[in-house]
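Please look through the structure below alongside these notes, which take up a pair of helices, then a loop residue, and then one further helix.

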Amino acid sequence: MNEKRAVEYCKKLVNVPYNKLNLANYKEKLAKLLKIKINFIESKSSGPIKLMSGQHKNAGIISTDYRTTRKRRVILIGKGILFDAGGYDIKPSGKYANMKIDMAGMASAFSVASQLVNENLAVYCPVSTNLVANSQILPGDEIKIGGKLVVVSNTDAEGRLILAEALTSVPQTSKDIIITVATLTGAVGYAIGEKATGVFTLNDDLYKRYKMSSDKAKELVWRLPLWEYLDKKYFRKKRIKNSVEDKPGPSLAALFLKQFVKYPDNWIHLDIAYSCWDKKKERATGQPVRSLINFINTLWK
């Protein structure tokens, strides 16, 4: 296992501009760089992954699944929006330049997998784009994901849609540990600063393990709440919105994802919207790869 190599892989992938890493070539580029087999799972034409990409043949869920005799499997799900313009809720001028980094969750997940080839680790990453020209999702559309009817109240809250589709597509057992990692909310930087990763989990032991792992990696993390009152108010119903107008944006995004996790007590979510990128240097940081490798290794003990 080589942590340094995994970090460098992640940095390389996140730094690549969209014209060089896109829906036409990303599977081949990942396989070549990481030297691992990439499996492709066709997503539903009615699901957000395909709808956002205009039904592009390469939009779907990519995976690599390593299995051993261990009873506990770790499932790592990383957001793979290769470029995010916001869809029809288009981003303001000047907010586009670094939107190639919206696949940092996917880059992190597969970079970790490349160095844990002998572990019981399953990686599933939904991959799409969120442009305007080819998007088939409009504000106000309703999309069925799992057992929920999701109203698209904001097309720029797209990451949680494709992660939800991936979560409902991946087989989960009560022994599995689910990790979601995503550049999910700009608001996380306002909550805890630009160098820290926001951590969400209902499981105190998982948080303690992740905090210990991040301290070892010298990467900043901070736990943010999954308030039950917000869960009840917005999400414990069959028809929900992907974005609601309330202040705790990072928590609301995480609570949206929670609805699609089969065993939420075994789930931990990482919001890396700021920590994955050094704005001053305009380069990827490689976070949270070291923390994830350390964390996953603690789960085998």
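1. Before the helix pair is described, two terms are needed: axes are lines fitted to C-alpha atoms, for helices over the stretch in contact, with angles running from 0 to 180 degrees between N-to-C directions, and helices (H or I, at least four residues) and strands (E, at least two) are DSSP runs numbered from the N terminus. This is a predicted model, in which local features need pLDDT of at least 70 and side-chain atom pairs count only at pLDDT 80 or more, while totals for chains, interfaces and linings use all residues. Residues are numbered from 1 along each chain as its sequence is written, and side-chain values use heavy atoms, with hydrogens and water left out.

2. Helix α8 (residues 228–235) and helix α9 (residues 249–258) have axes that come within 10 Å and cross at roughly 65 degrees. The two helices are therefore roughly perpendicular to each other (angles under 35 degrees count as roughly parallel, over 145 as roughly antiparallel, 65 to 115 as roughly perpendicular and the rest as oblique). Their contact (heavy atoms within 4.5 Å) is made by L230, D231, Y234 and F235 of α8 together with L252, L255, F256 and K258 of α9.

3. Q287 lies in the loop between β14 (283–284) and α10 (289–298), and this residue is buried, with a relative accessible area of 13% (buried means under 20%, exposed over 50%, partly exposed in between, with a 1.4 Å probe and protein chains only). Leaving aside neighbours within four places in sequence, Q287 is in contact with residues including S108, K195, E219 and C276.

4. Eight of the 10 residues of α10 are buried, so this helix is largely enclosed by the rest of the structure; among them are V289, L292, F295 and T298.
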